[in-house]
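Work through the exercises below with the sequence and the 3D structure open. Each task is followed by a solution in steps.

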Amino acid sequence: MAYGCAEEPGSGWDLWASVEEMKHRGVAWLPFEEDAIADLAQIFRNLPDIEELFEDSTEGSIGCEAPSAGGPARFILNKSKISENMRWLWAYDEDTLARFDEFVSKANLLSVLGNVDGRADDLMLYSASFIIVKGSKLEDSETLQHLDMGHRRIPRGSSFTCLTSLTELPGSVGGLQFWPWNCHVAEHQSEWYYCDATRNAAPQVHKYRPGKLVAFDGRLRHRTEPFEYDRSLVGADSEALATCDAYEAGGHIRVLASFAFASSDARLARYNHKMLRKQCHDLALIRQSPKLEVDDDSELDTSDDESEPKTVPPLAAALESAAAERATNFFAEDTAQAALVRQ
Ligand SMILES: [Fe+2]
């Protein structure tokens with residue numbers, strides 16, 4: 001058995017080694033049966049033309065729907081503020097998030113991640129999305145270092161993001177670039193909470209591989225690896241060339257399924273909601289903890305010293321309201337075919 005590490009997955013997996021890597025570096029890789037992702041991959045293929053999601057005219061688009069055997073899957077679109085080549089499709093409703101739950105169950109993610117900080121009965125899936133990068137190149141300026149759950153009240157070991165590609169990808173396509181906790185000064189190794197001072201550390205890269213998922217702590221600094229696709233790097237390897245062929249035929253699309261886990265603890269749920277809502281559209285689903293219902297619109301749900309007052313001008317509020325109504329109307333319709341709603 002050789003576990004390796006997130007940037008160099010070994011030939012065999014080991015629960016203890018994986019949990020230790022997560023505890024000490026904030027990242028780990030987990031195995032899954034490749035068939036487990038098939039339903040989500042099919043849902044993605046059933047979505048409307050992905051090219052449309054990247055057209056400038058989609059400014060203001062808010063919802064899209066994929067017909068599938070288990071019922072329609074519905075998503076809310078988020079554009080990147082800094083890149084025209086990235087989009088997020090967030091699960092819109094419980095029925096859609098339940099499709100992501102199925103993968104979570106098949107890959108046994110909750111019980112594995114629960115070992116990191118004794119939270120096997122405490123972790124829950126809050127939200128999920130498809131992350132799409134389109135094009136053969138992603139510039140350094142198009143991808144920012146960040147922490148998914150960078151709130152000082154959210155401790156290490158209590159929130160995780162899991163990412164996996166839906167298909168095999170050429171080696172030159174960007175992976176996950178991350179800054180492991182223990183890769184520089186020793187003082188950070190002993191600090192379990194609030195340490196995110198890893199900007200100067202050497203970044204590592206996890207390349208997405210079928211059957212191997214990367215999991216990382218909500219307080220791990222990371223970003224999409226900038227890249228430039230280069231077919232010539234694979235040489236004469238026929239399998240790698242076939243992967244390149246498929247990637248090119250698909251329009252240079254890199255798709256990941258993304259899962260956001262966090263503690264259901266009533267003391268943490270409000271902060272989890274706050275950090276997740278920063279990442280997605282107001283209409284995307286963030287599941288409620290059974291231990292505390294969070295009102296995302298209420299500043300009372302986070303303490304005064306941490307929240308920034310949210311000022312919504314009347315016009316913006318009206319537009320938000322109109323957008324919400326359009327989404328509701330759209331998803332209320334029994335559409336036989338996938339469709340895209342635009343403002
Ligand atoms: Fe992230």
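Two strands count as paired if DSSP finds at least two bridges between them. The model is predicted.

**Exercise 1. The sheet around β10**

Task: Find which residue of β13 is the bridge partner of Phe-178, and work out the strand order of the open sheet that contains β10.

Solution. 
- Step 1. Start with Phe-178, whose bridge partner in β13 is His-222. Trp-179 stands opposite Arg-221 in β13.
- Step 2. Count the bridges: β10 and β13 (residues 221-224) are joined by four of them, in the antiparallel sense.
- Step 3. One of the residue pairs is Leu-176 with His-206 of β11.

**Exercise 2. The β4 and β5 hairpin**

Task: Determine how β4 and β5 run relative to each other, and which residue of their hairpin takes a positive phi.

Solution. 
- Step 1. Strand β4 (residues 63-66) is joined to β5 (residues 73-79) by four bridges, and the two run antiparallel.
- Step 2. For a residue pair, take Gly-63, which has Ile-76 as its bridge partner in β5.
- Step 3. Six residues lie between the strands of this hairpin, and Gly-71 takes a positive phi near 105°.

**Exercise 3. Two helices in contact**

Task: Decide whether α2 and α4 are roughly parallel or roughly antiparallel, and sort the residues of their contact by type.

Solution. 
- Step 1. The axes of α2 (residues 38-45) and α4 (residues 94-106) come within 9 Å and cross at roughly 150°.
- Step 2. Angles over 145 degrees count as roughly antiparallel, and α2 and α4 are therefore roughly antiparallel to each other.
- Step 3. On the α2 side, the contact is made by Asp-39, Leu-40 and Ile-43, and on the α4 side by Arg-99, Phe-100, Glu-102 and Phe-103.
- Step 4. Sorted by type, the residues of this contact are four nonpolar, three charged and no polar.

**Exercise 4. Core and surface**

Task: Name the residues with the most contacts inside the largest nonpolar core, and decide whether Ser-141 is buried or exposed.

Solution. 
- Step 1. Begin with the whole chain: of its 343 residues, 38% count as buried. The chain has eight helices and 16 strands.
- Step 2. The largest nonpolar core has 80 residues, and Ala-215 and Phe-261 have the most contacts inside it. Strand β7 (residues 123-134) gives the largest share of this core, eight residues.
- Step 3. Leaving aside neighbours within four places in sequence, the contacts of Ala-215 include Met-22, Leu-113 and Cys-162.
- Step 4. Turn to Ser-141, in the loop between β8 (137-138) and β9 (159-165). A residue is exposed if 12 or fewer other C-beta atoms lie within 10 Å of its own; Ser-141 has 9 such neighbours, so Ser-141 counts as exposed.
- Step 5. Compare positions in sequence and space: Ser-83 is 58 residues from Ser-141 along the chain, and their C-alpha atoms are separated by 8.2 Å.

Note on methods
Residues numbered from 1 in each chain as written. Predicted model: local features only at pLDDT ≥ 70, side-chain atom pairs only at ≥ 80, totals over all residues. Axes fitted to C-alpha atoms, helices over the stretch in contact; angles between N-to-C directions. Parallel < 35°, antiparallel > 145°, perpendicular 65-115°, else oblique. Contact = placed C-beta atoms within 7 Å. Nonpolar A, V, L, I, M, F, W, Y, C, P; charged D, E, K, R; others polar. Buried ≥ 20, exposed ≤ 12 C-beta atoms within 10 Å, placed from the backbone. Core = buried A, V, L, I, M, F, W, Y, C linked by C-beta atoms within 7 Å.
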